[in-house]
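Morning, everyone. I will keep this short, so please look at the structure first.

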Amino acid sequence: MAAAVSPIEAFGYRPSHNASKTRKAGEGNLLTRLFGEQFTKDKKRTFMVLLSLAASLSVYLCVVTMLDSQAARTIVSNFMDSDLTGWNGSIVERIRE
């Protein structure tokens with residue numbers, strides 16, 4: 001049967017059944033559909049990306065909180081909450097001497 005077909009005709013042969021999955025073009029929003037397909041395509045990669053994003057966000061928030069807690073206004077309000085009172089009688093006498 002294969003010998004009866006010319007090489008030019010055999011070169012242009014395409015099988016009638018399609019082994020790949022077909023997608024419907026008009027179903028839902030394009031961006032939502034593409035996001036859903038890519039998000040669920042490789043679950044291990046998706047998990048690693050989400051884990052790395054969560055870790056980097058946590059580190060960023062910790063650094064920002066630490067830097068904000070070391071600001072000048074925060075330190076002054078937390079550790080210097082009383083005025084200096086050092087003028088009593090004994091100090092005045094020492095200064096006069």
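Which residues does Thr-46 touch, not counting residues up to four places away in sequence? They are Gln-38 and Phe-39, where contact means heavy atoms within 4.5 Å.

Before going on, a word on the source. This is a predicted model, in which local features need pLDDT of at least 70, side-chain atom pairs count only at pLDDT 80 or more, and totals for chains, interfaces and linings use all residues. Residues are numbered from 1 along each chain as its sequence is written, and side-chain values use heavy atoms, with hydrogens and water left out.

Back to Thr-46. Thr-46 sits in helix 3, residues 43–69; helices here are DSSP runs of H or I, at least four residues, numbered from the N terminus. Thr-46 counts as buried because its relative accessibility is 13% (buried is under 20% relative accessible area, exposed over 50%, partly exposed in between, with a 1.4 Å probe and protein chains only).

Phe-39 is partly exposed, at 37%, while Phe-35 is exposed, at 54%. Both lie in helix 2, residues 30–41, four residues apart, about one turn of the helix.

Last, the two helices together. Where do helix 2 and helix 3 meet? Gln-38, Phe-39, Thr-40 and Lys-41 in helix 2 meet Lys-43, Arg-45, Thr-46 and Leu-50 in helix 3. By class, this contact has two nonpolar, three polar and three charged residues (Ala, Val, Leu, Ile, Met, Phe, Trp, Tyr, Cys and Pro count as nonpolar, Asp, Glu, Lys and Arg as charged, and the others, Gly among them, as polar).
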